[in-house]
Amino acid sequence: MACSVSLTSPICFRNANNAKTALNASPIKIMKATLRSRTFTQFAIPPLSTAAADFASVDGTTIAVIGGSSVAALAAVLTLTDPERRRQLQAEEVGGGDKEVVREYFNNSGFQRWKKIYGETDDVNKVQRDIRLGHSKTVENVMKMLTDEGSLRGVTVCDAGCGTGCLAIPLAKEGAVVYASDISAAMVSEAERQAKEQLQITNDDQSPPPTMPKFQVSDLESLKGKYDTVICLDVLIHYPQSKADGMIAHLASLAENRLILSFAPKTFYYDLLKRVGELFPGPSKATRAYLHAEADVERALQKVGWKIRKRGLSTTQFYFARLVEAVPALRQWSE
């Protein structure tokens, strides 16, 4: 168990044999010493969704494991870390804030990493493969939400934050008229390439050919127009709640009938595990990851006259995403 500490005193831990370790070292050394000295009941760390859980950049990934009695010690260590300083330095390097960091990341190293995760290559490790599975579950759940209510032929859909086209292409195959955008020019280029490859016109004469999605490079704030349905998957993780409220309001203003969002849920447990990941910064830790409480997302929707009609959850070992479908609150909908 952990001894009580002040910020100016050494942090004391006791191992299974009650031997005390006093450390004035860095939080990383404290964590490593704690892991060496205790016998833990091991748990696989549950997913944090998308970039928050991208431990995948490290080959032979080592996942930190915690025991029930070590949570207090872990929390004490986490209070001494400074991930915000790393984020600040990254922002200064690209001359901006979170948005500029995200754009830079997904146009460079992040593009290569997530292109593999979203793709079909076998050149992925276990964690990346698991995240791929989790994200595909989210896409499948969205498609089911939509197709359960009828044909998508001719339905206009805005895919905000389209990545490499994982959702835009299936939507087009179902006959939707898709407007897809992403902050990353590299992602948009790859999405266009894959769409042209997968949406080739066939001569089976059984159905009209799909309409090619219209892709554009844009951040969420710059999106305009009106669409039957607006979908934004795994993008709110790049927005703090203060900005997410405005972004949700903006996306709702673009939608006439439906708004579908997915986000990494914020709970004490997942917030703690996210901070554990920040103890081990690797090249993938290039963007800030924000978790969101479902109640906060629901309040943001209610403020602009929308209500949640359906809820879903996509989970794997390293991916966890809450999915909500919202509709105008004053409109009558059949369940």
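1. Cys162 counts as buried, with a relative accessibility of 6%. Keep in mind that this is a predicted model. The closest cysteine sulfur to that of Cys162 belongs to Cys166, and at 9.3 Å it is too far away for a bond; a disulfide would need the two sulfur atoms within 2.5 Å.

2. Cys232 isn't in a disulfide either: its nearest cysteine sulfur is that of Cys158, 8.5 Å away. Cys232 counts as buried too, because its relative accessibility is 0% and the cut-off for buried is under 20%. How many disulfides does the count come to? Zero, by the sulfur distance rule.

3. Stepping back to the whole protein, I see eleven helices and nine strands in the secondary structure. There are 335 residues, and 48% of them count as buried. If you take the contacts between residues at least 6 apart in sequence, 69% of them join residues at least 24 apart.

4. Now the helix pairs. Two packed helices are described by the angle between their axes and the distance between those axes. For α5 (residues 109–118) and α6 (residues 126–147), the angle is about 65° and the axes are 8 Å apart. That is why α5 and α6 come out as roughly perpendicular to each other. Their crossing is right-handed.

5. If you want to look at that contact in the viewer, pick Arg113, Trp114, Lys116, Ile117 and Tyr118 on the α5 side. On the α6 side, they meet Gln128, Ile131, Arg132 and His135.

6. The crossing of α9 and α11 is right-handed.

7. Which residues of α9 meet α11? They are Gln241, Asp245 and Ile248, and their partners in α11 are Asp296, Val297, Ala300, Leu301 and Lys303. The residues of this contact between α9 and α11 split into four nonpolar, one polar and three charged.

Definitions and conventions. Residues numbered from 1 in each chain as written. Predicted model: local features only at pLDDT ≥ 70, side-chain atom pairs only at ≥ 80, totals over all residues. Heavy atoms only, no water. Left-handed = near helix turned anticlockwise from the far one by under 90°. Helix = DSSP H or I, 4+ residues; strand = E, 2+ residues; numbered from the N terminus. Contact = heavy atoms within 4.5 Å. Nonpolar A, V, L, I, M, F, W, Y, C, P; charged D, E, K, R; others polar. Axes fitted to C-alpha atoms, helices over the stretch in contact; angles between N-to-C directions. Parallel < 35°, antiparallel > 145°, perpendicular 65-115°, else oblique. Buried < 20%, exposed > 50% of the residue type's maximum accessible area, 1.4 Å probe, protein only.
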